[in-house]
Amino acid sequence: MTYGKSQKIKPYKKNLISCVCVLIAALIMSINIKTFVRAGGLLPGGFTGLSLLIQRIGDKFFNIEIPYSTVNILLNALPAYIGFKTIGKRFTSYSVAMIILNSFLVDFIPSIPITSDPLLVALFGGILNGIAISIALMGKASSGGTDFIGVYLSEKFNTSSWNLVLGINTIILLCSGILFGFEPALYSIIFQFVSTQIIEKLHQRNQQITLFIISNNCNELEKSLLEFTHHGMTRFEGKGCYHGDPRSLLYMVVGADELRDVTDFIKSIDKNAFINITKSAGVKGNFYKEPIE
């Protein structure tokens, strides 16, 4: 029996999951823009923030009303092309679908302010923005713009790079502060910080977990785990100190997003297996990650 991860989810199911995630993420992000972001006069950062910034510049300095969809799609054209070449066709295609859907939803959804308190807007708007981006990433897509940068760097260096994206967004927001005042820009930075922390918490693709597995059935377990996860492992032989019986220990590192599937799989083979789970600060060297495509 083969337990490879590629057999766990059929391609058509992956596409269905991606479509649903893109739809939900675009809807949440659009509602967030029309309820919290615009009500509080905030800019969410990234290319979404640049789109809103260009809209405000056109309205304030040139008395021109520019459609959000036009600006956002044009700005994301270059990052989408770069993503297509460096990250993958499938990821970029769903990201483009997310960008287009979000752009038109923002134009069509009516503005419904929930609160005018800038701190509440920054906090809850940031939470919704982070949830929307995390859902998109779950479906192997992104909201475009600086998200392409975050995903590309994370995949290339096998580490989370969303705090770097936060730094880029902070620069964009400070530029908006020069034009429209620093108070809304500073609240926007809070918004972006909260959003980044939500993504760091929910998006676990670039986080690793170390497993120490003690089992009486290590011969079958090690072979099955290699097929199921494609991760290597090391086996240690020892002695149980309570009864003095021989014991085998498997040491392996898995992605945090794989943890539940892997532990359930271990228990399906040996329900008495003892598993010690520890968070890894980082991994240097070869570490298999399921392709983002």
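Two strands are said to pair if DSSP finds at least two bridges between them. Helices here are DSSP runs of H or I with at least four residues, strands are runs of E with at least two, and both are numbered from the N terminus. With that in hand, Ile213 stands opposite Leu250 in β3. The model is a predicted one, so local features need a pLDDT of at least 70 and side-chain atom pairs count only at pLDDT 80 or more, while totals for chains, interfaces and linings use all residues. Residues are numbered from 1 along each chain as its sequence is written, and side-chain values use heavy atoms, with hydrogens and water left out.

Zooming out for a moment, the protein holds 11 helices and four strands. Its C-alpha trace spans about 80 × 35 × 30 Å along the principal axes. Of its 293 residues, 45% count as buried, where buried means under 20% relative accessible area, exposed means over 50%, and partly exposed is in between (1.4 Å probe, protein chains only). Take the contacts between residues at least 6 apart in sequence: 75% of them join residues at least 24 apart. A contact here means heavy atoms within 4.5 Å.

Back to the strands. The four of them make an open sheet in the order β2-β3-β1-β4, with antiparallel pairing. At the edges sit β2 (233–239) and β4, each of which pairs on one side only. From one strand to the next, the twist averages 20°; axes are lines fitted to C-alpha atoms (for helices, over the stretch in contact), and angles run from 0 to 180 degrees between N-to-C directions. In general, strands of a sheet pair through backbone hydrogen bonds, either parallel or antiparallel.

Strand β3 covers residues 246–255 and pairs with β1 over eight bridges, in the antiparallel sense. With β2, the antiparallel pairing of β3 runs over seven bridges, and here Thr234 has Tyr251 of β3 as its bridge partner. β2 and β3 form a hairpin with six residues between them, and Gly244 in the turn has a positive phi of about 80°. Helix α10 (residues 218–229) lies across β1, β2 and β3, at about 10° to β3.

Next comes the second largest pocket, with about 370 Å³ of space. Its lining has 18 residues, and Asn206, Gln207, Gln208, Lys279 and Ser280 lie nearest its centre. Two or more lining residues come from each of α9 (182–202), β1 (208–215) and β4 (274–280). By type, the lining divides into five nonpolar, nine polar and four charged residues.

Pockets are found on a 1 Å grid over the protein atoms alone: a pocket is an open set of points with protein on both sides within 12 Å along at least five of seven lines, and lining residues have an atom within 4 Å of a point. Grid points are joined across faces, edges and corners, and the volume is the space filled by probe spheres set on the points. Ala, Val, Leu, Ile, Met, Phe, Trp, Tyr, Cys and Pro count as nonpolar, Asp, Glu, Lys and Arg as charged, and the others, Gly among them, as polar.

Finally, two single residues. Thr92 is found in helix α5 (residues 89–108) and counts as buried because its relative accessibility is 3%. Ser116, in the loop between α5 and α6 (118–138), is exposed, with a relative accessible area of 67%.

Conventions
1 Å grid on protein atoms, 1.4 Å probe; cavity = no way out; pocket = protein on both sides within 12 Å on 5 of 7 lines; lining within 4 Å.
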